[in-house]
Amino acid sequence: MKKFTDSRHHIPPATKFGLKQTFDLINPHLYTVEQRIREQARSFDPAVEGYVAYACDNTGKHLRPALAILAGGATGKITSSHIEIATILEMIHIATLVHDDIIDGADRRRDQPTPNAKWGNTISVLLGDCLFAHALKLAASFPDNAISRTIAGAVTEVCSGEIIQTQRRFDLKLSTADYYRIVEMKTGALFACAAELGAFVSEASPASISALKQFGLKLGTAYQIYDDCLDIVGDEKESGKTLGTDLRKGKLTLPLIFLLQTARGEENQAISEQLLRGDDGDIDALIEAVSRHGAMRAAANTARRMVREASEGLSVVPSNRYTAGLKSIGEYLDHIIEPFAR
């Protein structure tokens with residue numbers, strides 16, 4: 001059986017319950033999710049199957065499926081419905097990555113060529129569309145329409161967030177409130193959907209469902225802030241994907257917003273001009289300024305605060321090893337954000 005805590009996921013030794021123990025706890029379920037995704041690839045027309053299989057291969061940490069399964073276990077018994085929700089949400093996530101890489105012009109993800117680098121933008125756009133449509137088709141198979149409506153609503157939020165972010169590129173007046181709204185939509189919504197539906201399928205109490213939804217929303221938002229920090233100062237070899245795309249594409253992420261709020265006078269003007277140009281030389285100067293002004297540290301500490309708030313909100317959820325597992329994901333995220341807070 002494939003393990004989901006191997007070296008390619010860069011998982012550190014975790015404290016308390018521990019991320020490794022968490023994934024050991026749900027590995028059989030995650031393995032079933034991966035097998036289910038492979039089955040979906042084979043359900044496409046043979047002329048399309050290869051594209052879908054490539055996009056679905058090596059899909060990363062499986063955080064969204066893990067949230068759905070852990071939320072289900074925290075509030076009841078894990079069933080085939082949890083596996084199906086996890087499968088649907090992972091396929092939606094893969095679809096967003098296919099489209100994101102087209103938008104960003106990224107040519108590497110998880111140490112492999114992106115679909116757009118491999119086959120061009122036209123096929124990749126249609127590939128992402130196929131994945132979205134197929135995931136929503138699977139969602140429609142649930143007898144309770146509330147599940148498919150929640151999933152469709154999350155997809156709408158994700159796509160709307162991407163549109164707003166693209167619309168606000170190179171907008172130096174983007175506020176922190178604007179940024180949080182975009183990030184909650186484009187990333188937080190899918191995390192929230194996973195945790196919410198995991199509890200909903202287990203017929204949890206309204207209080208537990210609401211708490212787990214908020215946990216997912218805050219965790220997903222913090223994860224996106226981490227990813228935005230990584231894009232500025234991360235290492236491409238370690239991350240396995242193209243970095244620096246936010247700066248080149250004019251995306252005002254939290255470290256850059258904090259930088260603009262901190263710099264004054266002529267320096268603020270110079271930074272603004274560098275952000276609008278996005279040349280390689282400007283990027284080096286911006287990276288230095290982000291560090292010097294403490295903007296990276298401020299962004300990372302914001303993410304860490306969100307992680308703490310997310311975990312504290314689980315106090316109304318039954319206390320068991322699955323709830324401990326949810327908290328361990330927060331601990332892991334805090335662990336990988338911490339270096340940016342120094």
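Which side chains meet in a salt bridge at 2.5 Å, N to O? The side chains of Arg 168 and Asp 171 do, a salt bridge being a side-chain nitrogen of Lys or Arg within 4 Å of a carboxyl oxygen of Asp or Glu.

The model is predicted, so that local features need pLDDT of at least 70 and side-chain atom pairs count only at pLDDT 80 or more, whereas totals for chains, interfaces and linings use all residues. Residues are numbered from 1 along each chain as its sequence is written, and side-chain values use heavy atoms, with hydrogens and water left out.

**View 1. Salt bridge of Arg 168 and Asp 171.** Arg 168 is partly exposed, at a relative accessible area of 22%, where buried means under 20% relative accessible area, exposed over 50% and partly exposed in between (1.4 Å probe, protein chains only). Across the whole structure, a search finds 18 salt bridges.

**View 2. Salt bridges of Lys 251 with Asp 246 and of Asp 334 with Arg 304.** The closest N and O atoms of Lys 251 and Asp 246 are 3.9 Å apart, and both of these residues are buried. In the other pair, the side chains of Asp 334 and Arg 304 meet at 2.7 Å, N to O. Asp 334 belongs to helix H16 (residues 321-337) and Arg 304 to helix H15 (residues 295-312), so this pair ties together parts that are 30 residues apart in sequence; helices (H or I, at least four residues) are DSSP runs, numbered from the N terminus. Salt bridges with shared partners join Asp 104, Arg 169, Asp 246 and Lys 251 into one network.

**View 3. Aromatic pairs, of which the count comes to 6.** Rings of Phe, Tyr and Trp (its six-membered ring) pair if their centres lie within 6.5 Å, and planes under 30 degrees apart count as stacked, over 60 as edge-to-face and the rest as tilted. Tyr 179 and Tyr 180 form an edge-to-face pair, with 5.9 Å centre to centre and 65° between the planes; Tyr 179 is buried, with a relative accessible area of 2%. The rings of Phe 191 and Tyr 223 have centres 6.0 Å apart and planes at 35°, so the pair is tilted. This pair links distant parts of the chain, Phe 191 in helix H8 (residues 176-201) and Tyr 223 in helix H9 (residues 206-233), 32 residues apart. Phe 191 and Tyr 223 are both buried, and together with Tyr 226 and Phe 340 they form one aromatic cluster.

Definitions and conventions
Helices (H or I, at least four residues) and strands (E, at least two) are DSSP runs, numbered from the N terminus.
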